[in-house]
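Work through the exercises below with the coordinates open. Each task is followed by a solution in steps.

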Amino acid sequence: MSFLFPSQNVLHQSFYSPLSPRTRANPAVTKATPYQARPELYMAYSVVDDAKNKAQKLSAEAQQEFNKASQTAPKQLELYTPTFYAAATFGGLLACGLTHTAVTPLDLVKCRRQVDSKLYKGNFQAWGLIFRQEGFRGIFTGWSPTFFGYSVQGAFKYGWYEYFKKTYSDLAGPENAYKYKTLLYLTASASAEFLADIALCPLEAVKVRMQTSIPPPYKGTIDGISKITATEGWGGLYKGLYPLWGRQIPYTMMKFASFETIVEMIYGRLPGKKSDYGKGAQTAVSFTAGYLAGIACAIVSHPADVMVSKLNANRKAGEGFGAAVARNYRDIGFTGLWNGLPVRIVMIGTLTGLQWMIYDYFKMFMGFPTTGGAAPPEKK
């Protein structure tokens, strides 16, 4: 009757354990036998093999996706295309509009001290007095024309600067463009600022009148433009255009030329190339170079800045530009042209540093390299 009962070998092959010493000693027994063909009776092989096959399949798919991702490099956007100029324009709008609005309290005190140097003894004393007389809103007097005016100016300035830098560089040729790069920066920035100030001037006139008159004569930007054009015509918005050019063009020339030069000097003294550094390091270089450039900008353009404030505040109707400048100069003298300089150095240094940091970070966000630090052209 032994044929009715399975042998020991059959029992072992049907109900073996992979952990048993006998199985480990005989690893060749791995395939299912005919007695294990029914998965509902013998689940061990079916479950293990199914899990093993799924794991191998997932692993192969994951490896394939990884190889595909590692082989796909991020696309580099081409410079000097409509997309590039649009990015430069919008980046300039953000950089200038936000930063100038943020320092409105400093600008308010600076403008009032330029018009009347005896009005306040210091910044904190001025802010405390303004807060007590006009409330917290008074500290930000003129923020609206500041935001709109310098947003437009920043868009024009940075967008046109990139355009003129490319245009003048192409006219000069690669070797001359690199050899006379400082002259290239100066001419490109002057051309850009000339156009930007035409857009800025009407809003700058509203801002200065709101900040230098106590109490402010206008409720906001639209109200100021309406009242000025109603009494003085559209020419009233451009009373300060010439001194604005006299202030902003030297300021921007110094801002862009010194920034590009300082950035190149910084990367020239750092190990490796500019492309070896990440976004954080490159934006830190942009802020540092921008702050140092801003100090030089403030000193160069301050006398014209004082005269802009004076002319917008007290230029008489029908008075010629030269006569107005001469009259104001007689009133304040040479030393009066430097009223508020320490405040402006702090304001412009911080302002310029933040502007370059925001502008360059936005360019990187859009897929373009930061400004400055370009390598010399290859010699043929």
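## Exercise 1: the pair α5 and α6

Helices α5 and α6 lie roughly perpendicular to each other. The model is a predicted one.

Task: find the angle and axis distance behind this description, then list the residues that form the contact of α5 and α6.

Solution. 
- Step 1. Two packed helices are described by the angle between their axes and the distance between the axes.
- Step 2. For α5 and α6 the packing angle is about 115 degrees, and the axes are 11 Å apart.
- Step 3. Angles of 65 to 115 degrees count as roughly perpendicular, so α5 and α6 receive that label.
- Step 4. The crossing of α5 and α6 is right-handed.
- Step 5. On the α5 side the contact is made by T104, P105, L106, L108, V109, R112 and R113. On the α6 side it is made by N123, A126, W127, I130, E134, G138 and I139.
- Step 6. Sorted by class, the contact of α5 with α6 has 8 nonpolar, 3 polar and 3 charged residues.

## Exercise 2: helix α4

Solution. 
- Step 1. The buried residues of α4 include F84, Y85, C96 and H100. Also among them are G91, G92 and G97.
- Step 2. The axes of α4 and α7 come within 7 Å and cross at roughly 145 degrees. This crossing is right-handed, and the contact residues divide into 12 nonpolar, 10 polar and 3 charged.

## Exercise 3: the pair α11 and α12

Task: at what angle do α11 and α12 pack, and what is the relative accessibility of Y291?

Solution. 
- Step 1. Helix α11 (residues 241–269) and helix α12 (residues 279–314) pack at about 165 degrees, with 8 Å between their axes.
- Step 2. Angles over 145 degrees count as roughly antiparallel, so α11 is roughly antiparallel to α12.
- Step 3. The crossing of α11 and α12 is right-handed. The contact residues divide into 20 nonpolar, 6 polar and 3 charged.
- Step 4. Y291 has its place in helix α12 and is partly exposed, at 28% relative accessibility.
- Step 5. Apart from neighbours within four places in sequence, Y291 is in contact with G349, T350 and G353.
- Step 6. Y291 and I345 are 54 residues apart in sequence, with a C-alpha to C-alpha separation of 9.7 Å.

## Exercise 4: backbone details

Task: which residues does a cis peptide bond join, and where does Y80 lie?

Solution. 
- Step 1. The cis peptide bond joins I214 and P215, with omega about -5 degrees.
- Step 2. P215 lies in the loop between α9 and α10 (221–232).
- Step 3. Y80 lies in the loop between α3 (43–71) and α4.
- Step 4. Y80 is not a glycine, yet has a positive phi of about 60 degrees.
- Step 5. The relative accessible area of Y80 is 34%, so Y80 is partly exposed.

## Exercise 5: the whole chain

Task: how many helices and strands does the protein chain have, and what percentage of its residues count as buried?

Solution. 
- Step 1. The protein chain has 14 helices and 0 strands.
- Step 2. Of its 380 residues, 43% count as buried.
- Step 3. Among contacts with a separation of 6 or more, 74% are between residues 24 or more positions apart.

Terms used. Residues numbered from 1 in each chain as written. Predicted model: local features only at pLDDT ≥ 70, side-chain atom pairs only at ≥ 80, totals over all residues. Heavy atoms only, no water. Buried < 20%, exposed > 50% of the residue type's maximum accessible area, 1.4 Å probe, protein only. Helix = DSSP H or I, 4+ residues; strand = E, 2+ residues; numbered from the N terminus. Axes fitted to C-alpha atoms, helices over the stretch in contact; angles between N-to-C directions. Parallel < 35°, antiparallel > 145°, perpendicular 65-115°, else oblique. Left-handed = near helix turned anticlockwise from the far one by under 90°. Nonpolar A, V, L, I, M, F, W, Y, C, P; charged D, E, K, R; others polar. Contact = heavy atoms within 4.5 Å.
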